[in-house]
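Thanks for asking me to look through this with you. Here are my notes, written so that you can follow them with the structure open beside you.

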Amino acid sequence: MLYPLIGRVFIHTLGPASFVDLPDTDPRPNTLVTFHAHLLGHPDLPRWLHYTQRSPSQPGFLYGTPTLEDRGQQIIEVIAYNRESFETTRNRLVLLVGEPEGPSLPYEAEFLVQSHDVEEVLPSPIGQRFLTALGGLWVPGELQLLNITSALDRGGRVPLPIEGRKEGVYIQVGSASPFSTCLKVVGSPASHDRCTQGQPPLLSCYDSFVPHFKVDWCNVSLVDKSVPALPGPVPTWGDGILEHDPYFCPPTEAPDRDFLTDALITLLVPLLVALLLTLILAYIMCCRREGVLKRNLATSDIQMVHHSTIHGNTEELRQMAANRSVPRPLSTLPMFNVRTGEQLPPCSDIAQVPLILDQH
């Protein structure tokens, strides 16, 4: 059972020893284990809870800051994968989110630490070292971590593979004591204007974070919740009628209109146009034919005689093909054999003689 507090950072370490039972005589210093965490019955974690793990040889972390809407019990299911033996272990964490104890922390300050990644700040000693360094600028003993967020979640980029370059992490700290003069100067509009112009920010005190932490003083934000915000003006409900505007004069009455004429025009005009086009096409196709008589009159006599001769011969051949018993035409009679010179007898039945004689 774990007890996160509303408005306070929650950090839980996921180590191989909690899931994989290794013998005490195991010579390996580290076991390669990766984790997958999700809300029971859901595919992902709650919106306030995050998970990170740099490599299988390093522990994983569940961290985040619950809000008032997250109050109550939440069950987180964690699955551990052993990358060496391929074993899988399942465990459940019961989170009971409750109200924080002690005084409220109305003064909140957020810092961008460029020299660390988020998993380097999550362990308790690093976080306490940051609070100790901040105590030199603020009142010590009353500082508490409120939230830790990776710079990648704020739109940052993964740095190039250059030694010493980190992703960065945002650390939010709260206190019941007002801000010190040094923090007020750093968070003043004049200091932000200098950062916008590319100049170093205003820092009226010694940077106590050096050399352990590199803080970007141009990304320091201060929030004072000690003074309650004044409520805005209460909206007054009107009668729903717009006030008189000389530039907007909509008509108050709409006259009656008869749409019969518009409907007839819409339907009849296309029909009449289609009918007219049909009549024109019919006249061109049917009434503009020249006729056979006009064609014959425009043709010469020689061409007509030639055409009539061909037509007559064609008809005669068709009749002969239909009835073989008719006498053969004179134009096809074989008077004599070309090769032998033999003539046919005049009394022979020339109708039974084939057109092409057998050649011996």
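1. Let's begin with aspartate 216: is this residue buried or exposed? Aspartate 216 has a relative accessibility of 17%, and because buried means under 20%, aspartate 216 counts as buried. Please keep in mind throughout that this is a predicted model. You will find aspartate 216 in strand E10. Serine 115 is 101 residues away from aspartate 216 along the chain, yet their C-alpha atoms are separated by 9.6 Å.

2. Now have a look at the aromatic rings. The structure holds 10 aromatic pairs. In one of them, the ring centres of phenylalanine 10 and tryptophan 48 are 6.2 Å apart and the planes meet at 65 degrees, so this pair is edge-to-face. The two partners come from distant parts of the chain, 38 residues apart: phenylalanine 10 is in strand E1 (residues 10–14), while tryptophan 48 is in the loop between strand E2 (33–39) and strand E3 (49–52). Phenylalanine 10 and tryptophan 48 are both buried.

3. Phenylalanine 130 belongs to helix H2 (residues 124–134) and phenylalanine 213 to the loop between helix H4 (189–196) and strand E10 (215–224), so the pair ties together parts 83 residues apart in sequence. Phenylalanine 130 has a relative accessible area of 0% and is buried; phenylalanine 213, at 4%, counts as buried too.

4. Which residues do ring pairs link into a cluster? They are Phe111, Phe130, Phe209, Phe213 and Trp217.

5. Finally, turn to residues 263–286, where UniProt, in an unreviewed entry, places the feature "transmembrane region". In the model, this span is 100% helix and 0% strand, and its end C-alpha atoms lie 35 Å apart.

6. What kind of patch do Ile265, Val269, Val273, Leu276, Leu277, Ile280, Leu281, Tyr283, Ile284 and Met285 form on the surface? The patch is nonpolar, and together its residues have about 1,000 Å² of accessible area. Take leucine 276 as an example: this residue is in helix H5 (residues 260–286). With a relative accessible area of 52%, leucine 276 is exposed, because exposed means over 50%.

How values were computed. Residues are numbered from 1 along each chain as its sequence is written. This is a predicted model: local features need pLDDT of at least 70, side-chain atom pairs count only at pLDDT 80 or more; totals for chains, interfaces and linings use all residues. Side-chain values use heavy atoms; hydrogens and water are left out. Rings of Phe, Tyr and Trp (its six-membered ring) pair if their centres lie within 6.5 Å; planes under 30 degrees apart count as stacked, over 60 as edge-to-face and the rest as tilted. Helices (H or I, at least four residues) and strands (E, at least two) are DSSP runs, numbered from the N terminus. Buried means under 20% relative accessible area, exposed over 50%, partly exposed in between (1.4 Å probe, protein chains only). UniProt positions are given in the numbering used here, feature names are shortened, and annotations may be inferred rather than shown by experiment. Patches are made of residues with over 30% relative accessible area and no salt bridge: like charges are joined within 9 Å, nonpolar side chains (Val, Leu, Ile, Met, Phe, Trp, Tyr) within 5 Å. Accessible areas come from the Shrake-Rupley method with a 1.4 Å probe; for residues, only the protein chains shown count as cover. A salt bridge is a side-chain nitrogen of Lys or Arg within 4 Å of a carboxyl oxygen of Asp or Glu.
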